[in-house]
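Here is a short briefing on the model shown below. Points are grouped by topic for quick reading.

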Amino acid sequence: MLNIAICDDNEHICSIIEEIVIDYNKESDIEIKTEVFYSGEKLVEYLKIEDKFDLIFLDIELGNTTGIDVARHIRNEFNDHISKIVFITSKDGYEQELFEVQPLNFIKKPINNIKLKKCIQLAIKLLKIENKSFRYKKGHDIIRVAIKDILYFESKGKKIKIVTYNGSNYFYDSLKNIKEKLPKVFIKPHGSFLINFNKVKALKSKCALMENGIEIPISQRRLNNMRNMLIEFEQEKRDARI
Amino acid sequence: MLEYNIAYILTNPIFVFAIFKLYRTFFDKLAYSKRVEKASYFLYFVFISVIIFVTRIPIINLIITALFLFINSFNYKSSLQRKIIIPSLILSILFVIEMIVSVIFGYIDISIVNDSSFNSAVGIILIRVVTLIVAYLINKLMQARNNNLKIPKIYYLAFTVIQMGTLYLYIVSLESNNLSIQSILMRGAILIIINLTMILIDEKIYYSMVIQSEKQMLKEQNIVYEKQIKLMDQSTRAMKVLKHDMKNHLTVLHGIYSKRNSEESDVYFQRIIDEIEGNDYSQSGNFIIDSMINFKLGQLRKTNYQLSLDLNIPQKLDVSTYDLTVILGNLLDNAITAIKKADRKLLDLSISCSMGNLIIILKNSYNGPLKIENGKFLSTKKNKENHGIGLSNIKQSLNNYDGEIRLEYSKDIFSAHVIIPYIN
C-alpha cells in the first residue's frame, strides 16, 4: 500500500500527475492511493488530522505558501522525516533551503511520464527497505523497531545503544552481529557506531550530522565508504531524473 | 680536527634545512603542528652537533641520519609505504651527493687539498652547499610541476650556473698560498650567504609567479562571465520576441487543435518550448556554474556530440567562486579535449546537492587504447595521468573543503566524481 499526495496549484498539472500514477498502478502489483491538493495550506490541514503520506509530489511555486514552506512544515512541525518529497518545478534555480528538507528528487515541467514513474519506483524501493523491522532481545522481551525509525546504534562496552526518533534503549549484542541483520543503508562511520545513512542530514568530512542533531564522528579510514554510499545514492536519484 | 669540527657545526643548519626542504617536497600534509616539526629538526641539529665530539665513525653517523629520517617521516600524513620509501630516497640522495662531491674533490689538484686538515674542512663545506642546492632545486621543480606553473627551463639553468659558479670560485680561491683556517671558513661563510640569498630571491620570484598565474585565472573567469551576461541578454531579448509572437503561436495552435491533429501539435509545442529554453546549455540558475558550462560547452558547438545535462543546485552555494571555477573549469577542459579526439562523442554532466555536499558526476568518452597484455591493463596509470592536466589545481581547491575527486575509466568512458562538503 502506497499513499501518494499530489500538491500543485495548477489543476491541469495535478491531473497529469494523477493519470501517470494511475497508469503506474495498473502496471505494478502495489496498491496505490492518491490524494490531490490544490494548495499548500490544504495539504498541511489534511496532515494535521490524517496519516502521513509515503510520497508527496510537491510544486515549489505554490500560491501563497511555497513548496519549501510546506516541506519545512512537514519535516519540522509534524516531525515527519520519513515521507519522500519530490519537488515539481518549472523555475530555473532553486533556493538553498530546498536542499535542507531532504528531497528525494526533482522533476521539471513539462512532466515526463517515464521520469515520474522512475521516481515512484525509487520511492517504493526505499520504502520497502524502510518498512522492514529490526528485532532485538531485552531481558525476556523481543522488541521490534521499524528500520525507518532507527537513527543509529552505538557500541558501549558489551551493550548496544539504539537511538530512534522515540528515544533510546540498551541491549546486549555486538555491532558486527547487528550489521549482518540490517539492510546495507546501515554503515559504520566509526568503530563504535552504526548509522542509518538515510537519516544523515549533513555528511561532513569529520562527522555526520544526524536528523536529531547529534553529530557522529567519522574516522579517516571510513570516510571513503561513506562517500561511496553518497555517490551511489546520488547516481540512483539521477538515474530517475534522466 | 678542529677545523673540520668548526666547519661541520657551522654548516649543520644548512644541512638540516636541506633535509627539511626534501621532506616538504615529498610530503604535503603535517601530521601534528608546525611547532612539532620545527622542534624535531632543531633536536636533530643539536644532536648531530653534539655527537661529533663523542664519535666520528662514519657508519654511526649514517645510522643516526637514517634513524632520524625514518622517525621524522611520522611528522607527515601519508601511508606507511611512503613513510618507508621517502626516507630511503632522501637518504640515498644525500649519500650520492656526498660520494660525487668527494670523488670530484679528489681529482681537483690544488695545494690546499694536500693538507689533510684543511682538506676535510673544505670538503664538508662543499658537500653541504651542494646538498642545499640540490635539495632546493628538487623542491622547486616538484612544486612548479604540482602547481602547473610554466617556469622556463632557462631559469633553472641560470640558477644552477650561479650556484655552481660560486662553488667553483670558492674552490679556485683556495689556490692561494698561506691560507689560514679563518680565511677558509670566511670564504665558506660568504659562499653560503650567496647561496642563501639566491634562494631567498628565488622564493620571491616564485611567489610573484604564483600570483601572476592567479591573475591570469581571474582574467579568464571574467571573460567567461562576460559571455554569460551576453547569453542572458540574448535570451531576455528572445523572450520579448516570443511574448510578441505568442499570439500568433496560439492562433496556429487553435487551428491545429480544431483539426485534432495531435502529432502536428506535439511538434509545434516542442518548437515553442525549445525557443523558450534558448541556445544556452545550462539554466540551473546558479550564475557561476551556468557561466562555466555555457562557455566551455560553446567550444563544442560545431562538434556533433551527445550531451546530457542534469543540474539540481541552489542559486547560491557556500563554495568560493574561485574554487568552483577552478574545479569545474578544469574538469570540463579535460573532458572537452578528450571528446574532440574521441570517435564516439559523449558528455554526461550531473551536478547536485545532497547531505550538504555538492556532487559533480562527469562522464565523457575518450579514445583510450589501453594496452592489454596477458589479460592485464598495462598503461592504465599513464592514462590517468594524461587526463590529469589541471588535476592538481582541482585537488588544491578541493583541499580547502576537505573534498575529493575520484577518477574511473572503462574502455572508452572516463568518469570523474567530485564531492565538495559545503556545510561546516
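This is a predicted model. In chain B, helix H3 (58-72) and helix H4 (80-107) each supply at least two residues of a nonpolar surface patch. In chain A, strands S1 and S2 pair in the parallel sense. Salt bridges over all chains come to 20.

**Chain B overall**

- Chain B holds 13 helices and seven strands.
- Chain B has 424 residues, and 45% of them count as buried.
- Take the contacts in chain B between residues at least 6 apart in sequence: 72% of these join residues at least 24 apart.
- Chain B has an accessible surface of about 23700 Å², and carbon and sulfur atoms account for 62% of that.

**The nonpolar patch on chain B**

- H3(B) gives the largest share of the patch, six residues.
- B:Leu67 sits in helix H3 of chain B.
- B:Leu67 has a relative accessible area of 49%, so it counts as partly exposed.

**Parallel strands in chain A**

- Strand S1 (residues 2-7) and strand S2 (residues 32-37) of chain A are joined by six bridges and run parallel.
- Within this pairing, A:Leu2 has A:Ile32 in S2(A) as its bridge partner.
- S1(A), helix H1 (residues 11-27) of chain A and S2(A) form a right-handed β-α-β unit.
- S1(A) also pairs with S3(A), in the parallel sense over four bridges.
- Here A:Ile6 stands opposite A:Phe57 in S3(A).
- S3(A) and S4(A) run parallel too, joined by five bridges.
- A:Asp59 has A:Ile88 in S4(A) as its bridge partner.
- A right-handed β-α-β unit is made by S3(A), H3(A) and S4(A).

**Strand S3 of chain A**

- How many residues of strand S3 (residues 55-59) of chain A are buried? Five of its five residues are, and the strand is mostly covered.
- In a regular strand, side chains alternate between the two faces of the sheet.
- In S3(A), A:Leu55, A:Phe57 and A:Asp59 point one way, while A:Ile56 and A:Leu58 point the other way. Residues on both sides are buried.

- Oppositely charged side chains can pair when their charged atoms come close.
- A:Glu232 and A:Lys184 form a salt bridge, with their closest N and O atoms 2.6 Å apart. This pair links distant parts of the chain, 48 residues apart. A:Glu232 lies in helix H6 (residues 220-241) of chain A, and A:Lys184 in the loop between helix H5 (175-181) and strand S11 (186-190) of chain A.
- A:Glu232 is partly exposed at 39% relative accessibility, whereas A:Lys184 is exposed at 54%.
- B:Lys296 and B:Asp333 meet through their side chains in a salt bridge of 3.1 Å, N to O. This pair also links distant parts of the chain, 37 residues apart. B:Lys296 is in helix H10 (residues 287-297) of chain B, and B:Asp333 is in helix H11 (residues 321-341) of chain B.
- Is B:Lys296 buried or exposed? B:Lys296 counts as buried because its relative accessibility is 9%, under the 20% cut-off. B:Asp333 is partly exposed at 27%.
- A:Asp239 forms a salt bridge with A:Arg238, and the closest N and O atoms are 3.5 Å apart.
- A:Asp239 is partly exposed, with a relative accessible area of 41%. A:Arg238 is buried at 3%.
- A network of salt bridges links A:Asp8, A:Asp59 and A:Lys109.

**Backbone points to check by eye**

- The peptide bond between A:Lys109 and A:Pro110 is cis, with omega about 0 degrees.
- A:Pro110 is in the loop between strand S5 (105-108) and helix H4 (113-130) of chain A.
- A:Asn79 has a positive phi, near 55 degrees, although it is a residue other than glycine. A:Asn79 belongs to the loop between helix H3 (67-77) and strand S4 (84-89) of chain A. A:Asn79 counts as exposed because its relative accessibility is 53%, over the 50% cut-off.
- B:Asp402, also a residue other than glycine, has a positive phi near 60 degrees. The loop between helix H13 (391-399) and strand S6 (404-409) of chain B holds B:Asp402. B:Asp402 is partly exposed, at 32% relative accessible area.

Methods: Residues are numbered from 1 along each chain as its sequence is written. Chains are lettered from A and ligands numbered from 1 in the order in which they are written. This is a predicted model: local features need pLDDT of at least 70, side-chain atom pairs count only at pLDDT 80 or more; totals for chains, interfaces and linings use all residues. Side-chain values use heavy atoms; hydrogens and water are left out. Two strands pair if DSSP finds at least two bridges between them. A crossover is right-handed if, with the strands pointing away from the viewer, the path from the first strand over the helix to the second runs clockwise. Buried means under 20% relative accessible area, exposed over 50%, partly exposed in between (1.4 Å probe, protein chains only). Contact means heavy atoms within 4.5 Å. Accessible areas come from the Shrake-Rupley method with a 1.4 Å probe; for residues, only the protein chains shown count as cover. A salt bridge is a side-chain nitrogen of Lys or Arg within 4 Å of a carboxyl oxygen of Asp or Glu.
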